[in-house]
Amino acid sequence: MDVPSIEQEASELLRMLWRDRYHLWGDQDITPLQARDPRKGALAYGFEYRELPNLGDPKLIQSGSGPKIAGLIDRQANRIAISQEFSPTVKLFTGAHEIGHLALHKG
C-alpha cells in the first residue's frame, strides 16, 4: 500500500470518528484532537481496547530476558491489548498503530 492510500484511509477514519463523536462520547464535549482516541477507533471497528500490565510471556519477563511487547491485536476475539509498561505517549502511539493495522489490513 502506498503512502497516499494510507493517508486517505487514516483521514477517512478520523472523519468518521468526528462525525460519530456524539454516539462515541455521548454528551461529552470533545475537541478534534480528543477524537483521535484509539479506544474509540477500536470501538468503531467493533474491537475491545484493553490496557494490561504486560503482554509478554510471563516466564520470559520474570527472567528479564524476554521482549517487551507494546501492543497486539487478537482478531478472533476482536480485542486490542496495549501494555501498561510504557509511557502514555508510547501507549497512545501503539494504540494508533494497532488501529492502523485494522484500517489497512482488513480481514
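## The hairpin

Asn78 takes a positive phi near 50 degrees in the hairpin of β2 and β3, with 4 residues between the strands. This is a predicted model, where local features need pLDDT of at least 70, side-chain atom pairs count only at pLDDT 80 or more, and totals for chains, interfaces and linings use all residues. Numbering starts from 1 along each chain as its sequence is written, and side-chain values use heavy atoms, leaving out hydrogens and water.

β2 (residues 71–74) and β3 (residues 79–83) run antiparallel, joined by 4 bridges, and Leu72 sits opposite Ala81 in β3. Helices (H or I, at least four residues) and strands (E, at least two) are DSSP runs, numbered from the N terminus; two strands pair if DSSP finds at least two bridges between them.

## The sheet and its helix

The open sheet has 3 strands in the order β1-β3-β2, with mixed pairing. β1 (48–52) and β2 are at the edges with a single partner strand each, so one side of each has no neighbour in the sheet.

Helix α5 (residues 88–104) packs on this sheet and touches β1, β2 and β3 (contact means heavy atoms within 4.5 Å). The α5 direction makes about 155 degrees with that of β3; axes are lines fitted to C-alpha atoms, for helices over the stretch in contact, with angles from 0 to 180 degrees between N-to-C directions.

## Around Arg36 and Ala96

Leu14, Arg36, Asp37, Pro38 and Ala96 lie nearest the centre of the largest pocket, which has 21 lining residues. Here a pocket is an open set of points on a 1 Å grid over the protein atoms alone, where a 1.4 Å probe fits, with protein on both sides within 12 Å along at least five of seven lines; lining residues have an atom within 4 Å of a point. α1 (3–19), α3 (38–44) and α5 each supply at least two lining residues.
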